[in-house]
Amino acid sequence: MKTNLPVRGARGRRAARTALAPLAAAALLFAFTAACDSDTSSEGTDQGVHTLTPEPEESPSEAPSPRTQRSFAASVSAESERVRQEAAERLEEVEGRGNAVGDVSVNGLPLTASEEARSALVRVTNPTDEPTFFAVKVEFVDAEDKVLDTVVVGVEDAPPGRTVTAQANSRKAAGVKTFPRVAQAERG
């Protein structure tokens with residue numbers, strides 16, 4: 001009988017190892033997944049890799065930028081006035097109606113109840129191959145063809161082969177039904 005004992009002992013140990021193997025594998029798998037703390041929301045990100053990003057030294061201030069709406073409007077107004085002055089100077093040297101009357105058209109814009117200015121839309125078409133400056137003098141006339149106001153508009157760097165628009169505004173013709181017309185137009 002003693003000869004059977006070692007066989008039984010070996011079989012028993014083998015049976016115990018066989019029974020414990022799946023439990024040990026499950027425990028190892030559980031421990032591995034817990035250690036990795038897998039996050040399925042990120043794609044392929046290794047939790048063991050960390051990138052250090054330097055902290056900003058100072059957060060952006062909430063103070064308004066030095067360029068306010070008022071200063072922007074003032075700079076646009078100053079630029080418009082500069083272009084208008086250049087156009088007026090060019091038209092002083094022009095005899096007759098100018099070389100670009102055929103390139104310019106003008107239409108009155110609709111009146112509004114609280115109108116402070118009468119406006120006209122000036123369309124300039126550049127027939128040349130280069131960006132060109134246009135100076136246009138618009139007259140606002142009433143039904144009797146009396147000139148109520150004259151406004152000069154400058155169009156800087158009108159693109160070649162394109163039509164651009166500008167607006168002529170008259171405070172003197174406000175509240176009166178007027179008809180705008182091109183008095184002079186000079187290209188170049």
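**Helix H2 and its sheet**

The residues that cover the buried part of helix H2 include members of strand E3 (132-141), strand E4 (147-158) and strand E6 (179-187); contact here means heavy atoms within 4.5 Å. Helices (H or I, at least four residues) and strands (E, at least two) are DSSP runs numbered from the N terminus. The model is predicted: local features need pLDDT of at least 70 and side-chain atom pairs count only at pLDDT 80 or more, whereas totals for chains, interfaces and linings use all residues. Residues are numbered from 1 along each chain as its sequence is written, and side-chain values use heavy atoms, with hydrogens and water left out.

The protein has 2 helices and 6 strands, and from the N terminus on its elements follow the order α-α-β-β-β-β-β-β. Of its 188 residues, 24% count as buried (under 20% relative accessible area with a 1.4 Å probe, protein chains only; exposed is over 50%, and partly exposed lies in between). Among contacts with a separation of 6 or more, 66% join residues 24 or more positions apart. The protein exposes about 14000 Å², of which carbon and sulfur atoms supply 54%; these areas come from the Shrake-Rupley method with a 1.4 Å probe.

Helix H2 spans residues 69-92, 24 residues in total. From its first C-alpha to its last, H2 reaches 35 Å, close to the 34 Å expected at 1.5 Å a residue (1.5 Å times one less than the number of residues). Val83, Ala87, Ala88 and Leu91 are buried in H2.

Another strand pair involves E2 (residues 118-125) and E5, which pair in the antiparallel sense over 8 bridges. Val124 has Val164 of E5 as its bridge partner. In a regular strand the side chains alternate between the two faces of the sheet. Strand E5 (residues 163-170) has a covered face of Val164, Ala166, Ala168 and Ser170 and an uncovered face of Thr163, Thr165, Gln167 and Asn169.

Notes:
Pairing = 2+ DSSP bridges.
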